[in-house]
Amino acid sequence: MNRLLLLFCLFSASVYGQKIYLPHEVEKGAEPTGGVSYLSQFIASNVRIPFLSGVKGVNGRVYVKGIVEPDGSMSQLEISKGLDSLTNKEAIRIMSLYKAWKPATLNGEKVRQSMIYPIAFKTPPNTSFDSTKFAIVNYFDDRYRIAKDPKKYEYRSIMPVNDQGYISSDVIYEQLKGSKWKEVARVPFKKKEIWYHTNLLNDAVDSVKAYQVIARDDNEASHSSEATFQMNGKLLAYTEYGVGNKASLIKKYDLNGVVRDITVVSDSATLHLSWYDNGQIQTVTEMPAVKSNEYQERMFFNAWNRDGTQIVKDGDGYWKSVTRISASKLLTEEGAVSKGRKSGKWHGKWADGTLHYEETYDDKGKLQQGIAYEDGAKRTYDNAIVQPQFKGGLNKFYKFLAENIQYPMDAAQRRITGRVYLSFVVCEDGSMCDYKVENGIGFGLDDEALRVVKKMSGMWEPGMMRGKVVRVKYNLPINFQMN
């Protein structure tokens with residue numbers, strides 16, 4: 001054991017004893033794999049502007065000095081020019097995570113090179129932050145729309161936060177009565193321990209002990225951004241909500257704190273980006289917006305190998321991805337893509353080489369035929385994914401809603417209108433469970449939407465995946481309008 005330790009120390013000393021070159025002393029200088037734009041994207045995706053630095057607004061750069069090592073990492077990081085202690089620490093953290101440098105070369109050999117790199121920190125002042133309450137405070141008018149004019153204030157929400165900007169206590173809703181604010185509702189804050197499942201963990205496990213900070217009402221509607229942390233405090237997942245309390249940004253991190261997966265949701269499309277553990281970008285795909293719950297294949301735009309070699313460019317190339325189904329189950333899917341869509345033969349295989357499916361696509365990305373293999377048998381299918389359907393079709397579905405929805409009295413008196421977004425799971429037998437208000441309105445409309453949807457249990461045809469009946473999560477908007 002002592003001999004191994006001595007050898008390790010000698011090896012480390014030999015590496016860090018090598019000469020450190022300046023940029024002008026090498027034949028080819030160190031650079032990010034794929035170019036500066038990919039490193040800039042990595043930084044923008046990973047940077048967390050310290051809450052206490054950003055509440056008043058920040059606009060500046062932190063210059064990080066370090067050594068680009070032959071293995072593509074950066075060592076001996078220090079601040080060359082900084083802003084404050086919090087942003088300086090964050091800049092060091094980001095640069096320590098990026099390990100996809102192309103090292104400098106001299107006489108055909110990889111060498112160590114010093115480097116100074118800027119990290120930009122820019123955010124406008126957070127005008128919703130109330131330092132006296134140490135909370136995010138938002139004001140609304142009598143129809144519960146965001147209000148900036150104090151003369152229109154009718155309601156307000158108060159979300160206490162910690163010094164990192166994450167929710168720390170109950171979310172309180174108040175109404176202005178005379179000259180005083182009176183509490184009208186309270187959404188409980190929860191910091192709960194969970195087992196967090198993800199395909200970004202190491203090969204040995206598919207879940208880790210973690211904790212979430214959330215604030216959800218009785219209908220499971222979220223009233224704050226939500227975060228999941230490892231027990232050591234490192235971030236594992238973060239969901240941000242936009243207008244109408246709709247999830248607009250979802251980030252997933254690995255155990256080292258590197259962003260590995262980002263989903264950006266907009267009205268026109270859902271953009272998805274992924275990275276390797278060394279910081280090299282991996283894939284860029286997009287799911288165009290379609291009618292609620294219609295299935296459409298994602299668009300394949302770009303893909304790279306871990307070493308930065310691009311294998312799909314502008315929608316053309318050969319796609320290969322690995323999805324971790326569980327700790328011991330990996331699914332590899334691959335095939336050609338043309339103009340962003342699947343083309344020709346595609347297949348999926350398990351880690352032991354067992355074939356899971358074969359599919360054939362035409363030149364427009366439409367599935368011609370699929371064959372799935374399971375438990376020694378095979379089944380054919382014409383659609384890879386079939387969404388659950390209300391028995392009798394859309395006309396009967398809308399008729400059912402019209403006959404069963406009752407406008408809540410409180411909402412009617414206040415002339416509250418809008419959409420309640422619900423989700424639920426349609427089981428293999430057509431029954432329903434796991435109801436949730438994804439984006440609510442309040443004033444009794446959320447409860448009414450849930451009541452009506454629960455009456456639909458058993459009225460659905462289940463969904464299918466590659467010819468097999470499966471449980472499917474279904475998203476449903478219910479529109480409340482007054483005549």
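The structure is a predicted model, in which local features need pLDDT of at least 70 and side-chain atom pairs count only at pLDDT 80 or more, while totals for chains, interfaces and linings use all residues. Residues are numbered from 1 along each chain as its sequence is written, and side-chain values use heavy atoms, with hydrogens and water left out. The mean pLDDT (the predictor's confidence in each residue, from 0 to 100) of the protein chain is 89, and 93% of its residues reach 70 or more. Over residues 3-15, however, pLDDT stays under 50, and for this stretch the model has two contacts (heavy atoms within 4.5 Å) beyond four places in sequence.

A pair of aromatic rings is described by the distance of the centres and the angle of the planes. Rings of Phe, Tyr and Trp (its six-membered ring) pair if their centres lie within 6.5 Å, and planes under 30 degrees apart count as stacked, over 60 as edge-to-face and the rest as tilted. The structure holds 29 such aromatic pairs. In one of them, the ring centres of Tyr98 and Trp101 are 5.7 Å apart and the planes stand at 85 degrees, so the pair is edge-to-face. The rings of Trp101 and Tyr117 are likewise edge-to-face, because their centres are 6.1 Å apart and their planes are at 80 degrees. Since Trp101 lies in strand S5 (residues 101-102) and Tyr117 in strand S7 (residues 109-123), this pair ties together parts that are 16 residues apart in sequence, strands being DSSP runs (E, at least two residues) numbered from the N terminus. Trp101 and Tyr117 are both buried, where buried means under 20% relative accessible area, exposed over 50% and partly exposed in between (1.4 Å probe, protein chains only). Tyr98, at 1% relative accessibility, also counts as buried.

A salt bridge is a side-chain nitrogen of Lys or Arg within 4 Å of a carboxyl oxygen of Asp or Glu, and by this rule the count comes to 20. The side chains of Arg186 and Asp170 form one of these, at 3.3 Å from N to O. This pair links distant parts of the chain, with Arg186 in strand S12 (residues 180-187) and Asp170 in the loop between strand S10 (155-160) and strand S11 (171-177), 16 residues apart.

Methods:
Helices (H or I, at least four residues) and strands (E, at least two) are DSSP runs, numbered from the N terminus.
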